[in-house]
There are 2 protein chains.
Amino acid sequence: MNTYKTFDEKDFEALAQIVDRERLLWKDEIKEEYSHDELSAEAHYPDVVVRVLSTEEVSKVMKYCYDNNLPVTPRGAGTGLVGAAVAVHKGVMIDTTLMNHFLELDDKNLTLTVEPGVLIMEIYAYVEPHGLFYPPDPGEKSATIGGNISTNAGGMRAVKYGVTRDYVRALEVVMADGTVMNLGGKVVKNSTGYDIKDMIIGSEGTLGIVTKATLKLIPLPKKTVTLLVPFPTLKHAIDTVPVIMRSKVIPTAVEFMEREVIMDAEEFLGMKFPDKTADAYLLLKFDGNSTEEISGTYDDIAKICLDQGAIDLFIADTEERETPIWKTRGAFLEAIKGSTTEMDEVDCVVPRDCVNTFVEYVHQVREDMGIRIKSFGHAGDGNLHIYILRDDMNDAEWKKNLEGAMDRMYKKARELKGLVSGEHGIGFAKMSYMGENYAPEKIELMRGIKKAFDPKGILNPTKLF
Amino acid sequence: MNTYKTFDEKDFEALAQIVDRERLLWKDEIKEEYSHDELSAEAHYPDVVVRVLSTEEVSKVMKYCYDNNLPVTPRGAGTGLVGAAVAVHKGVMIDTTLMNHFLELDDKNLTLTVEPGVLIMEIYAYVEPHGLFYPPDPGEKSATIGGNISTNAGGMRAVKYGVTRDYVRALEVVMADGTVMNLGGKVVKNSTGYDIKDMIIGSEGTLGIVTKATLKLIPLPKKTVTLLVPFPTLKHAIDTVPVIMRSKVIPTAVEFMEREVIMDAEEFLGMKFPDKTADAYLLLKFDGNSTEEISGTYDDIAKICLDQGAIDLFIADTEERETPIWKTRGAFLEAIKGSTTEMDEVDCVVPRDCVNTFVEYVHQVREDMGIRIKSFGHAGDGNLHIYILRDDMNDAEWKKNLEGAMDRMYKKARELKGLVSGEHGIGFAKMSYMGENYAPEKIELMRGIKKAFDPKGILNPTKLF
């Protein structure tokens, strides 16, 4: 366990030499939101928040912290769910949200270069009018790209297009000691030495601070179609997914949802969902360059769904019809959160053909324990989001039930050869569920890697392992 | 610089306790091919070659070598071009070519699990009858998948589908000390701790030995069409590529080639190429699920090519017509090799819109130096293959001209923000061209990473850096 210097007035004055006073938040100036993220129970105030404007500032702040052994927590929009952006050791928080500029859209190399504080929804709005597409599609559109890179965010379109990692061509990173490093390039291939870029991606701010990212774009599909498919049971719905995959046609997105979650979202949004007669639904998206190209695909899949027992098929092929469906889907997390007093989540990922086994197990846990658990998720990529709700439990009951449910679910995920996190990360909150990911030889390797990047261990300490 | 134990009879006897005697090659049993790879000038015999059959054997051999400080060079089919599989410190060579079994084709999760000695061409032949597709398409089809993972091989379809890295879901790796580690899983998303898997990929055998790989497959496109497009000059051909990219349609492959290289290949293969009236050609491939789907795409691109000055257009939409074209393209390396006494190559990658600037520079170098230089390459992904030919130069002339030409070309690639290797790796032969990739802070970081994986530095020493 490292020990760090305690932040004091002298440190504050030193930082005030690097960034303008109004971008340094100290003591009462630090708003409550900086003490926690979107979901995890961890809450700690940093000693100071530095609202950086440039790579140079990040570099100077890091050099000062490194020389003075001060812990640093990088933070984007604070939309994380596992406490990765919470300053558990206090110290310096580097807030990147003011570094929110678009630097270059290169339509010959199909890349976009941005600062880390640019929001995902801003990227879509920026590139799509140019006929270009940034495929990663995490539910939380007001997250920063820096945060998405730090967690290797996934999202709904991962089935067809992959995750954030697949769209990062180059990074500028400030290392623990303030050194600025450029990794990768505007190039499509790279076999030039160790893949340091991919080690930074998903490292949750423990190895370096991303100050610039060059993203790969692809041509924007000209047409999308959504299929909403009601099934008599969730089992029917989820069991259909491997059959779809085996048919050799890959939809853009394949989500599963249950009526109760849809109703939460309807209430939350004050908006009507096109159908809620069935217990369970698959929601599929297809994209392509023409209606003909897509219809060839979804006709096949519609047939598979009906063969597998689907009750009906709703086709949404206009923006007016698609929007309410995906808006409802997008509101699930907030809607479930609004339906209880507190909650925590499981974000595991299992092989696609194990999703049904896992969801049936979750139902069993819910029944055995007599607590409310809600779930939805990415059936097409095996990434589930399961929420354990506190409702009116007292502290002791909540602790016991939460730990009990989590332990059982992560154990089951391991049995199915799944992993702890599909897209939300490990941060602080999920470390106790890492199990064999923390085998002694892996811990030693991770420590060695951490030491190579951050010899003093000042970057986002006590996160990941 | 590490010093290693010298391999002796005692070591040989210890290894003979681990693997059968007939799979240990010693002294005169070591054939000449084990002393070099396909191209690089480096030639060194290992002290012993161990033809392993299982992960357990690799683990035991590594443990012995680690405990006894013996250097180890992993080797697949030996088709590399940069000396990565040459035992420059002698010691133990682990030959994985007998670990060549298909372990599982999972058509629900669309994955293929193989041993490292399976050849790329065997993978295609195995999965395609199942309607599945492994997109990475390096020119050398008789390379092993283990070798492809170690160099992060790319190939011609990278424009549309990406490189080897994008298709590795999970790896089993034997670490320097013999520990077996499982990285990743049959899952589509992963945000579970440091991305050790991607650090192994492209590390050229310096961080661990891949003993099993689970690859991502996708549905096999039902139809492909090839367009061969003659242009009056190479500049016309290459300048057309960014215009194609900007049109928001991504072909499967975009290659450029010059008449002289086509003629070398015709001679090498004893086979006629459909056209050689023009100085330069673009070769494009398109794939999709129906002729209609593809024709929408290639009609647009054919029009762009004609607008950019193409002389003609040859459409090859049957296997009979496509095969000779791609077979010729596939023979370029061997054909150029056959046209001279010795050669060395540049495998740099530059942003797509800089390919023409780079190729014009190469022509300038050729003219200035009065030596033969031939090139072809992946115009769609900016990865060039440039061959400097020795012909009848004496040793001193060859050394001077080779170094002079290489220095100038790598310097130009850096100026254009390119990288040293697109797909062949750094190995031993390209280390002297790494330039700013070897800035002191990067070297220190790479050393730290290497130390975390291989504290004694026994794995493939003096490679990469």
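Student: Which residues make up domain 1 and domain 2 of chain A?
Tutor: This is a predicted model, where local features need pLDDT of at least 70, side-chain atom pairs count only at pLDDT 80 or more, and totals for chains, interfaces and linings use all residues. Residues are numbered from 1 along each chain as its sequence is written. The bounds come from an automatic or database domain assignment. Domain 2 of chain A covers 223–416, and domain 1 of chain A covers 1–220 + 427–464.

Student: How many residues does each domain bring to the contact?
Tutor: The C-alpha centres of domain 1 and domain 2 of chain A lie 29 Å apart. Contact means heavy atoms within 4.5 Å. Domain 2 of chain A brings 27 residues, and domain 1 of chain A brings 18 residues.

Student: What area is buried between domain 1 and domain 2 of chain A?
Tutor: Buried area is the accessible area (1.4 Å probe) that two parts lose on being put together, summed over both. Of the area that domain 1 of chain A buries here, A:M156, A:V159 and A:Y433 supply 38%, more than any other three residues. Carbon and sulfur atoms give 56% of the total, which is about 1900 Å².

Student: How many salt bridges are there between domain 1 and domain 2 of chain A?
Tutor: A salt bridge needs a side-chain nitrogen of Lys or Arg within 4 Å of a carboxyl oxygen of Asp or Glu. The side chains of A:D344 and A:K430 form a salt bridge at 3.3 Å, N to O. Between domain 1 and domain 2 of chain A, the count is three.

Technical notes. Chains lettered and ligands numbered in written order. Heavy atoms only, no water.
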